[in-house]
Amino acid sequence: MTTTAPTNAPVADARALGLAHYAARGVLEHVLARHDSTFQQQVALRAALTADAPQAPDDLVAQVQGSLKADPADIRATLDELLAKQLLDTDGAHLRPTDAGRELLATVGAESTPISARIWGGIPAEDLAAAGRVLALVTERANAELAAMTA
């Protein structure tokens, strides 16, 4: 006996991807707001924290821009906000996360982990693997299109 997918199963497309992104981002932004932090601040702080060595501001801007496709001027303003909040600090010509920055990311991670478990829990591994492959391909193609548009 063969089984077919339900005819009412949603098809993955740009709208479905966007809706999933903004729903998940909304959850994270709610957690971040409790700590007077923004999504872009969290992305920049995480990029600084996960770097192998302290990053020059331009390198950190490029890394965040690669992830968020945000305006470099906005990212620089975000770095200034993180410096003002003492979540990043200067180390010569480089930026590094402070203990307070590390603590913020750990706290946000601890608060969002059980929420993520509820969101992702119960999804079969093969579905997650298929979704991962599709999302990686969509990301690769969209990055190529954006690069062609901005060249």
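Gln40 is found in helix 2 of this predicted model. At 18% relative accessibility, Gln40 falls under the 20% cut-off and therefore counts as buried. Apart from its neighbours within four places in sequence, Gln40 is in contact with Leu68, Ala70, Asp74, Ile75 and Thr78.

Helix 2 is mostly covered, with 9 of its 12 residues buried. Besides Gln40, the buried residues of helix 2 include the glutamines Gln41 and Gln42, together with Phe39, Val43, Ala44, Leu45, Ala47 and Ala48. The elements that cover these buried residues include helix 1, helix 3, helix 4 (72-84) and helix 5, as well as strand 1 (88-91) and strand 2 (94-97).

Two of these packing arrangements can be described by their geometry. The axes of helix 2 and helix 3 (residues 57-68) come within 10 Å and cross at roughly 125°, which makes helix 2 oblique to helix 3. This crossing of helix 2 and helix 3 is right-handed. On the side of helix 2, the residues that meet helix 3 are Phe39, Gln40, Val43, Ala44, Ala47 and Ala48, while helix 3 contributes Leu60, Gln63, Val64, Ser67 and Leu68. Leu68 is also among the residues in contact with Gln40.

Helix 2 and helix 5, in turn, pack at an angle of about 115°, with their axes 10 Å apart, and the two helices are therefore roughly perpendicular to each other. The crossing of helix 2 and helix 5 is left-handed, whereas that of helix 2 and helix 3 is right-handed. Here Gln42, Leu45, Arg46 and Leu49 in helix 2 meet Gly101, Arg102, Leu104 and Leu105 in helix 5.

Within helix 5, a kink of about 35° lies at Ser112, shortly before the proline Pro114. Helix 5 is followed by Gly122, a residue whose phi is positive, near 85°.

Ile119 lies in helix 5 and, at 45% relative accessibility, counts as partly exposed. The C-alpha atoms of Ile119 and Ala24 are separated by 8.6 Å, although these residues are 95 residues apart along the chain. Leu19, which lies in helix 1, likewise counts as partly exposed, at 47% relative accessibility. For Leu19 and Leu79, which are 60 residues apart along the chain, the separation between C-alpha atoms is 28 Å.

Terms used:
Residues are numbered from 1 along each chain as its sequence is written. This is a predicted model: local features need pLDDT of at least 70, side-chain atom pairs count only at pLDDT 80 or more; totals for chains, interfaces and linings use all residues. Side-chain values use heavy atoms; hydrogens and water are left out. The bend at a residue is the angle between axes fitted to the seven residues ending there and the seven starting there. Helices (H or I, at least four residues) and strands (E, at least two) are DSSP runs, numbered from the N terminus. Axes are lines fitted to C-alpha atoms, for helices over the stretch in contact, and angles run from 0 to 180 degrees between N-to-C directions. Angles under 35 degrees count as roughly parallel, over 145 as roughly antiparallel, 65 to 115 as roughly perpendicular and the rest as oblique. A crossing is left-handed if the near helix is turned anticlockwise from the far one by less than a right angle, and right-handed if clockwise. Contact means heavy atoms within 4.5 Å. Buried means under 20% relative accessible area, exposed over 50%, partly exposed in between (1.4 Å probe, protein chains only).
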